[in-house]
Amino acid sequence: AAEDLKKEVQKGEDALLNLITDSLERQRRAENLSYRRKLADLEKQLATELAKRKKNARLIEALQNQIMGLNAEHSTKLEDIEIASMQRRQKATADFISLHLEIVKKGSQEEYELKKKQLQNQRDMEYTEIALAERNHSITAEQALEMRAMLVEKYAKLETEMAEEHAAEMAESTMKKYADQQANDDNAYVEQLNALKNKYVDEMRLAEGNAAEQAAIKARFDEEQAKLSEDYAVQTARNSVAML
């Protein structure tokens, strides 16, 4: 009866396992199920042997070794699944960033932040490749350590270059923005000054022969021109400060 119940429980577990659509998650759970079942059988055999009055030392040792081997194998398989899952996440992150970089504004802060994340993800992918190579014994632990150190130096340099490039782009963009703004202010100043001069000429023509009125018009013109020039100078200084 106990064996029949065990089989039914295992059928139920297997049925639930088949419902999992994610392949890596299904592998992970399948490995855990297989591990628990094998471990339970080995522990049961070991407990039975230990309970006997006349114990078989060689069999006990063999069962203990099997349990140790099963634990090591289980850990290795779980690590393999976790590495595969990590690589899939890194690939998905790389695709996600690439898609977003196609639509963000060039030279923007958003583009810079995405590029930083892209660089960090590339570094993580290279770290994973080194870990896999060391795990598969295609490189030694010493070689892996040296390669990681080189990666730190490589990506520190790349991050610095990226920051400098972004700063240069921001400076260029700021100066262009300032130049455009200053050109608009220059044009506006010239237009206002010309309008003021035309107004002055018209008023002087109408006051021809009236020295007192012409003197008042000139004084008013000089005052308005000075005010216009002062406002223009102040705005130009503000633009310079804003640019800096």
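Let's start in helix α5, where Ser 173 is found (helices are DSSP runs of H or I with at least four residues, strands are E runs of at least two, and both are numbered from the N terminus). This is a predicted model, where local features need pLDDT of at least 70 and side-chain atom pairs count only at pLDDT 80 or more, while totals for chains, interfaces and linings use all residues. Residues are numbered from 1 along each chain as its sequence is written, and side-chain values use heavy atoms, with hydrogens and water left out.

**Overall build**

- The chain has six helices and zero strands, so reading along the sequence gives you α-α-α-α-α-α, with helices being the DSSP runs described above.
- Its radius of gyration is 40 Å, whereas a compact globule of 244 residues would come in near 18 Å; the radius is taken over C-alpha atoms, and the globule rule is 2.2 Å times the number of residues to the power 0.38.
- Along its principal axes, the C-alpha trace spans about 140 × 45 × 30 Å.
- Of the 244 residues in the chain, 21% are buried (buried is under 20% relative accessible area, exposed is over 50%, and partly exposed is in between, using a 1.4 Å probe and protein chains only).
- Take the contacts between residues at least 6 apart in sequence, and 63% of them join residues at least 24 apart (a contact means heavy atoms within 4.5 Å).

**Surface and charge**

- The accessible surface comes to about 17,500 Å², and carbon and sulfur atoms account for 56% of that (areas come from the Shrake-Rupley method with a 1.4 Å probe, and for residues only the protein chains shown count as cover).
- The chain carries 38 positive and 47 negative charges, and their mean positions are 11 Å apart.
- For that count, Lys and Arg are positive and Asp and Glu are negative, with His and the chain ends not counted; each charge is placed at NZ of Lys, CZ of Arg, CG of Asp or CD of Glu.

**Nonpolar cores**

- The largest nonpolar core has nine residues: Tyr 112, Leu 119, Ile 130, Ala 133, Ile 139, Ala 144, Leu 151, Tyr 155 and Met 162 (a core is a set of buried Ala, Val, Leu, Ile, Met, Phe, Trp, Tyr and Cys residues joined through side-chain atoms within 4.5 Å).
- Helices α4 (109–135) and α5 (141–206) each supply at least two residues of this core.
- A second, separate core has eight residues, including Tyr 35, Leu 39, Leu 46 and Ile 67.
- Back in the largest core, which counts Leu 151 among its members, Leu 151 touches Arg 123, Glu 126, Tyr 127 and Ile 130, leaving aside residues up to four places away in sequence.

- Glu 111 sits in helix α4 and is buried, with a relative accessible area of 5%.
- Leaving aside residues up to four places away in sequence, Glu 111 touches Leu 101, Val 104, Lys 105 and Lys 106.
- His 137 lies in the loop between α4 and α5, and is exposed at a relative accessible area of 70%.
- The phi of His 137 is near 65°, a positive value in a residue other than glycine.

**Along helix α5**

- Lys 157 is in helix α5 and is exposed, with a relative accessible area of 55%.
- Ser 173 counts as partly exposed, at 45% relative accessibility.
- The C-alpha atoms of Ser 173 and Asp 186, 13 residues apart along the chain, are 20 Å from each other.
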